[in-house]
Structures are given as structure tokens and as C-alpha cells.
Amino acid sequence: MHELAVTESVLEIALRYAKQANATQVTDIFLVIGKLSSIVDDSVEFYWNMIAEDTICQNANLHFKRIPARLRCLDCQLEFEVEDTLSPCPRCSSFHLNVIGGEEFYVESIIVEKEGATA
Amino acid sequence: MTPTRVPVVEKILDANDQVAHQNRALFDHHQTFAINIMASPGAGKTTFILQTLEGLSSKYRMAVIEGDTAPVTIDADKVSALGLPVVQINTGGDCHLDAVMLHAGLQSLPLENVDVVLIENVGNLICPAAFKLGSHLNLLVASTPEGDDKPYKYPNMYRGIDVLIINKMDLLPYVDFNMAYFQQGVEILNPGLRTFPVSAKTGEGMPAWINWLDEVVQKHLQK
């Protein structure tokens with residue numbers, strides 16, 4: 001889908017936080033992506049190498065943490081994990097379900113290097 | 001050089017969502033009701049929009065924003081022909097409208113003279129679902145020739161909408177479309193979703209949609 005727009009947004013966020021931290025280099029970026037957000041990791045990586053070039057994020061490693069889809073049954077209140085959101089409740093077979101996890105889509109943290117910082 | 005972990009926890013599409021909030025505030029400031037109309041290419045969005053304009057333009061001051069990936073004004077010209085304001089946003093090949101593009105487009109629309117704006121998103125069932133625009137109503141035009149499996153294949157789209165139009169009902173006898181199977185998928189993803197089966201071409205079912213929208217807009221404008 002729109003991985004270029006998404007990757008640009010990741011870069012913008014990483015650069016902004018790196019600047020606030022007075023970083024000279026960003027080495028790692030940790031992304032949390034829910035299974036339902038339909039983002040293709042490989043595409044993000046592909047764009048990343050192009051757009052991060054000549055920034056302090058160049059060569060930063062992207063880490064993808066995938067959050068499974070979780071549903072809550074509105075009839076029996078059971079909470080369960082699914083591969084896709086069209087599965088019925090495993091306990092009462094109801095299709096009255098609410099999505100309670102799997103739509104996450106954020107930058108969790110970055111690892112930066114700072115000039116002259118001491119351990 | 002010491003590696004330091006900097007906590008971020010910022011939504012990747014937060015920038016878009018913030019502009020979507022601004023768009024909403026702008027609509028509300030001018031008391032304009034905004035509808036984001038999504039569909040796959042060829043579902044009949046433009047015909048549906050033209051019929052909706054025809055049904056309501058005697059009562060409300062209507063306008064249209066056309067999102068297109070290419071700089072063609074085919075859709076915009078049809079709206080202009082009705083004598084209504086239309087703004088074309090060319091996404092430059094992008095697969096969706098986002099809040100920033102819409103915000104720019106709104107600068108060319110005299111919102112103080114508009115009660116209802118129909119925003120025609122780019123024909124696509126994936127990307128538009130992820131980008132909030134700030135609209136009051138998110139609407140999907142599905143159509144029978146697309147097939148009855150679309151809710152199952154594009155769950156994010158069906159989960160995120162407020163109202164569903166099933167267009168091209170006049171073609172139902174000629175295409176493989178199992179209404180019960182289609183609606184079962186919709187019900188799983190979006191229980192109780194308001195649905196209008198119509199044919200924008202023949203006008204079948206359109207009055208029910210127009211009347212419903214009329215009530216929704218009336219309620220909104222009274223707020």
C-alpha cells in the first residue's frame with residue numbers, strides 16, 4: 001500500500017527525536033506494527049534505504065515488532081488472538097467481536113549516538 | 001560515542017491525524033458537513049455522487065472535492081456541469097487522499113457557502129482506509145460486479161466506515177454476487193453497519209439513501 005508515505009513519516013519522527021536528544025547518529029529504530037495495519041516490512045526497508053540516505057538515520061537498522069490481532073467476544077467476553085479478523089469466537093462461535101489489539105502502528109524508541117557523551 | 005535509547009512512542013500517522021483534526025475544526029467552524037467517499041475503481045462513485053447532488057442540491061449548498069491520481073478533470077467536469085463548486089486534488093500518483101492534501105484543497109473552496117461537501121477519494125480499497133481526512137462520515141461505495149468477497153479481502157476498509165452503499169443492484173441478476181455471504185462479512189467486521197442497496201444509474205434505492213443523509217445533515221446543522 002502506501003509504504004513510502006509511512007516510511008517518510010518514520011524518518012521524520014526519528015529525525016525529530018534524534019535532534020531533541022542532540023544525537024549525531026541514529027543506529028536503530030524500533031517500530032511496533034499491529035498485524036491488522038497491513039504494512040509490508042520489506043517495502044518499508046526498501047524505501048528506508050533510499051530516503052534515509054544523507055541523513056543521520058543513514059544505515060540505521062529497522063526493527064519490527066509485530067503485535068498479533070486480538071479480539072473480544074461481545075457475547076461471552078472471551079479475549080483471544082486470531083490470524084485474521086473473520087474468525088468466530090472459539091468458545092461460543094459468535095461473530096460479534098471487537099478488535100482490541102493489532103492496529104498498533106508507532107515508533108517505540110530509537111537508539112542514538114551522541115558526541116562526547118559518557119557512559 | 002555512547003549508544004542511548006530515546007523513547008518515542010509516537011504514532012506513525014500522527015502528523016496526518018493532527019491535520020485531520022484541523023480539517024474537522026475548519027468544517028465545524030463553517031458548519032459544513034463532510035463526507036469521505038471511498039470505493040474501488042469502477043464502483044460507480046462519480047455517478048453515485050452526481051445522483052446525491054441532484055437529490056440534495058435544492059435543499060443544501062453542495063460542493064465536491066475530487067481526488068484523482070492523474071491530472072484529468074473527467075469527474076470534476078461532470079460536477080461543474082451541474083453549476084456546483086468543485087475542487088480537484090491531484091495526488092500525483094499517490095494511492096489515497098491524505099489530510100494534508102485535503103487541507104490544501106480546502107483553501108480553494110468557499111466553505112462559508114457550503115453546507116455539504118462530498119469528498120471523492122482515490123479509487124482504492126486499501127490505502128484510503130488508513131488516512132483520516134477529518135470528515136464527519138466515512139462512506140464506502142461497493143458494487144455487485146466486484147464480487148461478494150470484498151469485505152473478507154479488505155477488512156480494514158469495511159471496519160472503518162460509517163455507512164455502506166451497495167451499488168449496481170440492477171446488475172445483480174447478471175453477476176455472481178451472493179448478498180447473504182457479502183452481508184455476513186460486513187456484519188462480522190462492522191456490526192449493524194447502515195447499508196443502502198442502490199443503483200445510482202437507474203435511481204433504484206437512492207431515495208432511501210438521500211432521505212437518510214438529509215436527516216443526518218439536518219441533525220448536524222442544528223447542533
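Predicted model: local features only at pLDDT ≥ 70, side-chain atom pairs only at ≥ 80, totals over all residues.
1. Confidence. The predictor assigns the complex an ipTM of 0.85 together with a pTM of 0.89. For chain B the mean pLDDT is 93, and 100% of its residues reach 70 or more.

2. The build of chain A. Chain A contains 2 helices and 6 strands, and their order along the sequence is α-β-α-β-β-β-β-β. Among its contacts between residues at least 6 apart in sequence, 73% join residues that are at least 24 apart.

3. The outline of chain A. The C-alpha trace spans about 60 × 35 × 15 Å along the principal axes of chain A. Its radius of gyration is 18 Å, whereas a compact globule of 119 residues would have one near 14 Å. Of the 119 residues in this chain, 29% count as buried.

4. The contact between the chains. Here 28 residues of chain A are in contact with 27 residues of chain B. On the side of chain A that touches chain B, α1 (3-20) and β6 (105-114) of chain A each supply at least two residues, and β6(A) gives the most, with 10 residues. Sorted by class, that side of chain A has 17 nonpolar, 8 polar and 3 charged residues.

5. β6(A) pairs with strand β1 of chain B, residues 2-11, in the antiparallel sense and over 8 bridges. In general, the strands of a sheet pair through backbone hydrogen bonds, either parallel or antiparallel.

6. The sheet that holds this pair. Which strands make up the open sheet, and in what order? The sheet has 4 strands, which follow one another as β2(A)-β1(A)-β6(A)-β1(B), with mixed pairing. The edge strands are β2 (61-67) of chain A and β1 of chain B, each of which pairs on one side only. On average, neighbouring strands of this sheet are turned by 20° against each other, direction ignored.

7. The helix across the sheet. α1(A) lies across β1 (23-34) and β6 of chain A as well as β1 of chain B. The helix α1(A) runs at about 45° to β6(A), and a reader may recall that α1 of chain A also supplies at least two residues to the side that touches chain B.

8. Two residues with positive phi. A:N59 has a phi near 70°, a positive value in a residue other than glycine, and A:N59 lies in the loop between α2 (41-51) and β2 of chain A. In chain B, B:K168 has a positive phi of about 60° although B:K168 is not a glycine, and this residue is placed in the loop between β7 (163-167) and α7 (179-189) of chain B.

9. The surroundings of those two residues. Is A:N59 buried or exposed? A:N59 counts as exposed because 12 other C-beta atoms lie within 10 Å, and the cut-off for exposed is 12 or fewer. B:K168, by contrast, counts as buried because it has 26 C-beta neighbours inside 10 Å, where the cut-off for buried is 20 or more.

Terms used:
Residues numbered from 1 in each chain as written. Chains lettered and ligands numbered in written order. Contact = placed C-beta atoms within 7 Å. Nonpolar A, V, L, I, M, F, W, Y, C, P; charged D, E, K, R; others polar. Pairing = 2+ DSSP bridges. Axes fitted to C-alpha atoms, helices over the stretch in contact; angles between N-to-C directions. Rg over C-alpha atoms; globule rule 2.2 N^0.38 Å. pLDDT = per-residue confidence, 0-100.
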